Amino acid sequence: MGRRICPLRSAAARVACHARGLAGASRRLRLGRILIATTLAWVGIAFACLQSTPALAQQAATATAQKPAQKPKMFIQADELVNNEDKNTVTAKGNVRIYYKGRVLQADDVTYNRKTNRIYAQGHATLTERDGTVLHAKKFDLTQDFADGFIESLRATSTNATYFSAPRAERVGGDTTIFDKGTYTACETCANNPQKPPLWRVRAMRIIHNNEEHMVYYTDAWLEFVGIPIAFFPVMSSPDPTVKRKSGLLTPQVFQNNYLGYGVGIPIFWALAPNYDVTLTPTYFTKQGFFGDIYWRHRLASGSYYIHANGIFPEHPENFPLAPYGAGGRRFRGEFESKGDFNLAPKWNVGWALTLLTDKWYLNDFKVQAQNYSSYYISDITSTAYLTEKGDRSYFDLRGFYFEGLSSHDYGPQQTFAAPVLDYNKTFDVDPAKTNGVGGEVQVDFNLSNVTAAAASYESVNAHQYDAAYGLYDICTKYTPGTSSTSCLLRGIGGDYTRATADISWKRKYIDPIGETWTPFAFARLNGQMLNLDTSRSYTFASASGSSTISNASQTNFLGAPNAAYGYVMPGAGVEYRYPLLTNTPLGSLVVEPIGQIIARPNAPLGTNSLINMDSQSLVFDDTTLFAWDKYSGYDRFETGLRANYGGDATLRFDNGGYVNVTGGQSVQVAGTNSYATPDAANIGLSSGLDTPWSDYVGAVTLVPSSMLSFTAKGRFDQQTFDPRRIDLIANFNLGAWTGGVQYANYDSQPLIGYQVRREGLALTSRYALTKNYYVAGNISFDMSRQFYPLSLINYNPGPFAISNLGVLAGYKDDCTTFQLSYTNTYQDNGSGSFNHNQTFMVTLQLRTLGDTHFSQSFNSTVGLASGGPVY
């Protein structure tokens with residue numbers, strides 16, 4: 001046996017070694033981590049010195065003459081290199097590293113066979129692919145370019161933290177790996193016990209990973225959890241972990257509902273192009289037949305949009321409650337939804353969010369969760385289209401709105417359509433040098449609104465007057481204009497109402513030598529209204545129980561002439577005073593700031609104004625509106641007369657970063673007409689706490705002792721007795737593993753604006769991490785107002801804690817798996833003294849890289865309170 005050992009220092013040295021005829025020498029030369037860089041023309045000598053022959057010089061001369069394109073180079077690192085000419089092999093030993101075409105082969109021992117052109121690597125052998133995937137093996141048997149070969153005891157780890165393993169594998173063509181009796185998982189191996197099976201894995205007789213297609217194919221596959229087989233698939237395939245979008249079948253979805261029966265949906269996903277795709281989900285329900293769903297997504301250079309449509313021709317529509325309590329008997333039911341947003345130019349956007357339903361019960365009956373909402377049990381939906389511009393100190397917003405109520409009390413013709421709704425706001429500074437020292441800041445605010453509805457919407461004062469047919473819809477028969485003794489309210493018009501309002505204001509802040517802050521301000525509102533009421537229509541509800549009619553003609557009792565135009569100007573001026581005082585205490589820094597404000601306006605507008613109120617019906621007097629120039633929420637109402645607001649704010653900041661803040665005060669009608677005591681068509685202002693010369697007291701306390709706990713208490717208190725009229729309590733805590741919150745609200749009855757009993761409620765939420773991966777959570781809401789309902793209406797005493805919503809869940813989440821069990825229980829007012837009782841159980845399983853699936857089972861029923869009520 002003869003071996004030739006050549007020092008691997010340079011190509012010239014290796015050729016000289018052969019030329020001197022050193023064949024047959026048998027010795028080892030330890031080179032100590034020598035780095036070899038050579039061209040692909042020397043691939044044949046990558047692991048040994050080539051034999052010195054005359055042809056070598058001839059080939060070198062020819063290559064020089066023809067100057068071919070440079071071929072990829074191979075780089076080799078090793079402690080020792082041994083050439084065995086008898087076996088025609090070359091062996092690199094000790095910390096071997098071979099770099100070639102972006103791949104890196106590492107091992108304790110690498111042998112190259114010149115006859116077969118194959119490479120054998122063993123001993124801590126790894127092969128790092130171009131994409132970062134690392135293959136660990138007992139032994140590699142590869143072609144010289146690493147493209148093909150066999151691997152023993154393979155474990156592959158990708159950059160996406162996914163893992164393949166097999167006792168034997170084969171590489172084909174450099175882009176396909178075949179795993180015999182292989183496994184795949186996205187769960188990391190337990191560091192303390194590598195032999196412990198992962199939480200889940202797929203074990204198959206054969207796994208083929210095609211890197212060119214980016215697909216993984218399984219034959220005779222079992223899905224195992226903690227080593228226990230639970231599901232068998234003769235054949236299956238999935239995109240590999242590098243794929244974000246891939247056409248094919250998605251994980252089936254399973255449902256159960258007492259109206260629908262059992263259902264199975266199979267989503268089919270098509271990635272039609274890099275920027276758009278479509279998902280079709282045919283579903284079959286055993287009681288109602290085929291349900292179709294299509295979801296289209298499209299991303300463009302300037303924005304994106306989606307279109308979502310679904311529907312069904314129910315086989316047994318009679319299973320659902322009949323109108324007006326359900327959609328029983330309807331032959332087709334469905335939904336169309338779309339949302340988009342596009343950038344037209346810097347700061348300019350156009351978009352829409354539309355939801356159209358065949359009936360208001362559809363989302364709840366078929367458990368279709370619209371993308372814009374987070375719950376099945378929503379009370380209304382809003383569709384809009386918009387054009388917006390957001391400048392540095394300005395904004396432009398043009399929109400249209402369509403509102404659809406989803407409760408049984410909502411009547412379709414009373415739903416409003418608002419378009420156009422235009423808002424424009426611009427703020428700019430005034431240079432004192434150019435305005436004789438006036439300076440300050442000017443703000444211009446403009447709003448244009450047009451509202452249309454087919455039917456007028458009425459609401460009873462004191463006890464509700466529901467229709468005799470179904471007991472769902474509020475009707476009115478009497479109105480005494482200009483007084484607080486009205487028997488009904490006009491919540492919405494039947495017809496058209498258009499209003500344009502421009503608000504112009506100026507203010508400037510002055511700070512005197514002792515730190516007092518004075519802010520004088522002035523403003524003017526210009527308002528124009530056009531009213532075109534439809535007084536010809538009426539809507540009758542009839543059943544065996546009786547009949548009732550809603551008449552649009554009754555609107556004239558509230559608003560007078562059905563067709564009229566109004567316009568006015570409302571100027572005003574005032575000044576605000578603040579004096580922040582700072583001191584240091586043993587607990588921290590304390591800032592106390594007394595605040596005073598006085599605003600003067602005429603007793604009545606300069607012009608004419610109607611009693612219509614469409615956008616100012618949400619009036620809440622609390623600490624956030626105490627120092628507002630106008631406390632109404634919209635443009636249809638405005639303050640009048642001379643009004644003063646006084647109060648203060650104090651903040652104590654602790655050294656540990658916590659703080660406590662207290663604010664409060666009162667509003668006083670000093671002189672002139674109190675607009676809050678002057679009712680409009682909806683009585684807004686009455687019972688607000690502002691309708692007396694001296695308003696109720698309002699205040700708030702916020703306590704944040706640390707990042708672990710926060711507490712806020714807000715209230716409105718009677719100005720004579722200090723009885724609470726409105727209380728809000730909010731507490732949140734974060735104790736690490738345990739987080740949660742409590743909300744309590746207690747609002748006094750306001751029969752003059754339609755709230756006959758005290759509104760009271762309690763909501764609790766909590767989440768507890770049992771371990772790093774396991775958690776439980778829950779929420780519960782109590783409708784504490786039911787205890788105030790007349791017994792003649794509900795025929796039972798629910799006590800102070802009547803559950804309106806309950807949800808509990810338990811789950812597990814780690815780097816590869818999410819599993820969750822949930823249960824929701826909701827009571828929704830269905831009118832006529834009854835509730836829709838909705839219960840849903842849901843199981844959700846998500847296996848990272850493989851997909852997710854869920855099973856839900858729902859139970860719907862109607863609970864009649866007159867028969868004793870639900871059990872809480």
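## Basis of the model

This is a predicted model, in which local features need pLDDT of at least 70 and side-chain atom pairs count only at pLDDT 80 or more, while totals for chains, interfaces and linings use all residues. Residues are numbered from 1 along each chain as its sequence is written, and side-chain values use heavy atoms, with hydrogens and water left out.

## The disulfide

If a disulfide is taken as a pair of cysteine sulfur atoms within 2.5 Å, the count comes to 1. Cys187 is joined to Cys816, with an S to S distance of 2.0 Å, and the link is right-handed, with 90° about the S-S bond. Because Cys187 lies in the loop between strand S9 (176-185) and strand S10 (200-210), and Cys816 in the loop between strand S47 (802-813) and strand S48 (817-831), the pair ties together parts that are 629 residues apart in sequence; strands here are DSSP runs (E, at least two residues), numbered from the N terminus.

## Around Met708

Met708 lies in the loop between strand S41 (697-706) and strand S42 (709-717), and its relative accessibility of 42% makes Met708 partly exposed.

Conventions: Helix = DSSP H or I, 4+ residues; strand = E, 2+ residues; numbered from the N terminus. Buried < 20%, exposed > 50% of the residue type's maximum accessible area, 1.4 Å probe, protein only.
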